[in-house]
Amino acid sequence: MAKAIKVQNLSFSYGDYPVLNNLSFDVDAGAIIGLIGVNGAGKTTLLKLLQGELAGNGAITVLGQHQGDPQIYAGIGAMPQGDLRLPGVTVKELLNNLRAGYPQQANVDQLLADNGLATLSNRRINRLSGGQLRRVTFLSALVGKPQLLFLDEPTVGMDVDARDHLWRKLEQMRQ
């Protein structure tokens, strides 16, 4: 099976504080994995390394490209731990602006409809509930039709129905 991610001998420190030490693993294409650990264990740091936001020691290959190759990032979608809070910007404006940075672009109206958020299209970001904002942040990770998706604490603040919808959507995407 093809590997979506290969990590070999990856280490990273914040100054004198080591966070990751000689980490090696592979992730198969089509896999859904979760990182579990205590706060401060390095989960978000690892995600940032895989997305090219940080540089560590070791080898990282994502979607067949080595870290630093700009082609990697065109195939990645990411849902950060925090939400975008942009006063005055509507949901649709946010998603349209984000998708402009990708060679493959999702249809924003269809994305909103498919995820039960069409009624929020013209609502301002700063007028959304916490759960609604989290769901819009998930859609922001999908605007570039990613081959690989990174989700950092994706269901925090979501109600039971929204969480269930997110996990069903991820399973549909995986298939």
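**Exercise 1. Contacts along the chain**

Among contacts between residues at least 6 apart in sequence, what percentage join residues at least 24 apart?

*Solution.* Start with the term: a contact means heavy atoms within 4.5 Å. Then take the contacts in the protein between residues at least 6 apart in sequence. Of these, 61% join residues at least 24 apart.

A note on the model before going on. This is a predicted model, where local features need pLDDT of at least 70, side-chain atom pairs count only at pLDDT 80 or more, and totals for chains, interfaces and linings use all residues. Residues are numbered from 1 along each chain as its sequence is written, and side-chain values use heavy atoms, with hydrogens and water left out.

**Exercise 2. Fold and overall size**

List the order of helices and strands, then compare the radius of gyration with the globule rule.

*Solution.* Step one: helices (H or I, at least four residues) and strands (E, at least two) are DSSP runs, numbered from the N terminus. The protein has six helices and six strands. Their order along the sequence is β-β-α-β-β-α-β-α-α-α-β-α.

Step two: the radius of gyration is taken over C-alpha atoms, and the globule rule is 2.2 Å times the number of residues to the power 0.38. For 175 residues, the rule puts a compact globule near 16 Å. The protein has 17 Å, which agrees.

Step three: along the principal axes, the C-alpha atoms fill a box of roughly 45 × 30 × 30 Å.

**Exercise 3. Burial in helix α1**

Which residues of α1 are buried, and what do they pack against?

*Solution.* Buried means under 20% relative accessible area, exposed over 50%, partly exposed in between (1.4 Å probe, protein chains only). In the protein, 35% of the 175 residues are buried. Helix α1 covers residues 43-50. Its buried residues are Thr-45, Leu-46, Leu-47, Leu-49 and Leu-50. They pack against the strands β1 (3-14), β2 (17-28), β3 (57-62), β5 (76-79) and β6 (148-151). Just after α1 comes Gly-52, with a positive phi of about 80°.

**Exercise 4. One side of helix α3**

Where around the axis of α3 do its buried residues lie?

*Solution.* First, find them. In α3 (residues 91-99), Val-91, Leu-94 and Leu-95 are buried. They cover an arc of only 90° around the axis, so they sit on the same side of α3. The arc is that of the directions from the helix axis to the C-beta atoms.

Next, find the cover. It includes α4 (108-114) and α5 (130-140).

Last, look at Leu-94. Its relative accessibility is 7%, so Leu-94 counts as buried. Leaving out residues up to four places away in sequence, Leu-94 touches Leu-84, Leu-86, Val-89, Ile-125 and Val-136. Val-108 is 14 residues from Leu-94 along the chain, and their C-alpha atoms are separated by 9.9 Å.
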